[in-house]
Amino acid sequence: MSVIPSVVTPVFRGRIGCDVRSGHYAVPHRYRLHLALSCPSCLRVAVTHSLLGLQHTLPLTLLPATPDTPGGGYATLRPLYEASAHQYAGPAVAPVLSDGWTGRIVSTHVPDILRDLALRFRGTGPELLPSGRESEIEAIGDLCERSVNRAAQRAGELGLDDLAAHRDPLAVLFAALGRLERRLERQTYVLGDEITAADVHVWVTLLQLDTVHRWHLDAGAMDRVADHPALWAYAQRLAARPVFGRHLDLDGIASRHRAHCRGQEAAGAAMSIVDWRAYRV
C-alpha cells in the first residue's frame with residue numbers, strides 16, 4: 001500500500017561542486033544554514049552538520065520553532081528568497097543553504113544539502129555516505145518517509161473510531177518498525193558497526209513518531225510501537241550523544257505540531273516511549 005502523497009518540487013536546487021568552475025564550491029565561512037530545529041528536515045541537517053564537525057566552517061542560524069508569516073514562512077528569510085527568484089511569491093521556508101558571497105540561496109532541497117555537507121564539506125566527522133552504500137541509505141530513507149512517517153500520519157488522519165480505516169497504514173508502520181528492529185538486534189547502527197546518514201534519518205523519524213504521531217495513535221497502537229526494545233534503546237543511545245541531544249527542541253516540536261495539526265488526538269496515548277528531555281544538552 002502506498003501512503004506517500006505528491007511532493008512539491010523544491011524551488012532552489014543548486015549544488016556545491018568540487019572546484020571553482022562549479023560556481024558554488026566549498027569554502028569555509030562562505031555559506032550559511034538557516035534551520036528551525038522543530039522541523040524534522042531541518043533537524044536532520046543540524047545533526048549531520050554537528051556529526052561532521054562543521055561548526056567552525058559552515059555557520060548556522062537557528063530560526064523560531066513556528067513560522068512567523070501568514071504564508072507559513074519566515075520574515076528573516078524573505079530577502080534571500082526575493083534576491084534569488086524574481087517576484088518570488090511563495091513562503092520563505094527553512095531549511096535554506098545560502099551563499100554569503102552572492103546573498104542568494106544555493107538550495108532548499110534537503111537530500112542535496114545533506115549530500116553536499118557529507119561529500120563536499122566533509123569536516124572531521126564520520127563517513128556518512130560511504131562509497132557503495134548509497135542505495136542502502138536511500139532505501140532506509142524511503143522506509144522512514146513512506147512506511148513510518150507517512151503511514152503513521154495517514155493512520156491518524158483516517159480517524160480513531162473506524163479501526164478498519166487505518167488498519168492498512170498501521171500494518172505498513174509496524175512492518176517497517178519490525179524491519180528496523182531486526183537490524184538493530186544484531187548490529188550497533190542501521191547499516192552495521194559505523195554510523196551513517198541512515199542513522200540520522202532513522203533517529204529523527206523515531207523522534208517524530210514518539211513526539212508528534214503518538215498524539216493521533218491510540219494506546220493499543222502505541223503499545224505495539226513501543227514493543228521494539230532494540231529500536232528504542234538505539235534511539236536513546238544516539239540521543240545521549242551531544243551531537244544529537246543538543247538539537248532536541250521538544251517545546252518547539254510541540255508548538256509546531258499545535259500550529260499545524262488538524263487531526264483528532266487519541267486518548268490514552270500521551271506518554272512518550274523515550275524521556276527525550278533527559279538527553280537535552
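## Backbone features in the loops

In this predicted model, Gln87 is found in the loop between α2 and β3. Although Gln87 is not a glycine, its phi is positive, at about 55°. The residue is exposed, with a relative accessible area of 67%. Pro95 is also placed in the loop between α2 (78–84) and β3 (96–99). The peptide bond that leads from Ala94 to Pro95 is cis, and its omega is near 5°.

A positive phi occurs at His29 too, a residue other than glycine, with a value near 70°. His29 lies in the segment before β1. With a relative accessible area of 55%, His29 counts as exposed, because the threshold for that class is over 50%.

## The four-stranded sheet

Four strands form an open sheet in the order β2-β1-β3-β4, and their pairing is mixed. The edge positions are taken by β2 (60–62) and β4 (104–107), each of which has a single partner strand, so one side of each is left without a neighbour in the sheet. From one strand to the next, the twist averages 35°.

Strand β1, which covers residues 31–35, pairs with β2 in the parallel sense, and three bridges connect them. Within this pairing, Thr61 in β2 is the bridge partner of His34.

## The buried side of helix α7

Helix α7 spans residues 219–226, and its buried residues are Ala221, Met222 and Val225. These residues cover an arc of only 95° around the axis, which puts them on the same side of α7.

By residue class, the lining of the second largest pocket comprises six nonpolar, three polar and five charged residues.

Conventions
Residues are numbered from 1 along each chain as its sequence is written. This is a predicted model: local features need pLDDT of at least 70, side-chain atom pairs count only at pLDDT 80 or more; totals for chains, interfaces and linings use all residues. Side-chain values use heavy atoms; hydrogens and water are left out. Buried means under 20% relative accessible area, exposed over 50%, partly exposed in between (1.4 Å probe, protein chains only). Helices (H or I, at least four residues) and strands (E, at least two) are DSSP runs, numbered from the N terminus. The arc is that of the directions from the helix axis to the C-beta atoms. Ala, Val, Leu, Ile, Met, Phe, Trp, Tyr, Cys and Pro count as nonpolar, Asp, Glu, Lys and Arg as charged, and the others, Gly among them, as polar. Two strands pair if DSSP finds at least two bridges between them. Axes are lines fitted to C-alpha atoms, for helices over the stretch in contact, and angles run from 0 to 180 degrees between N-to-C directions.
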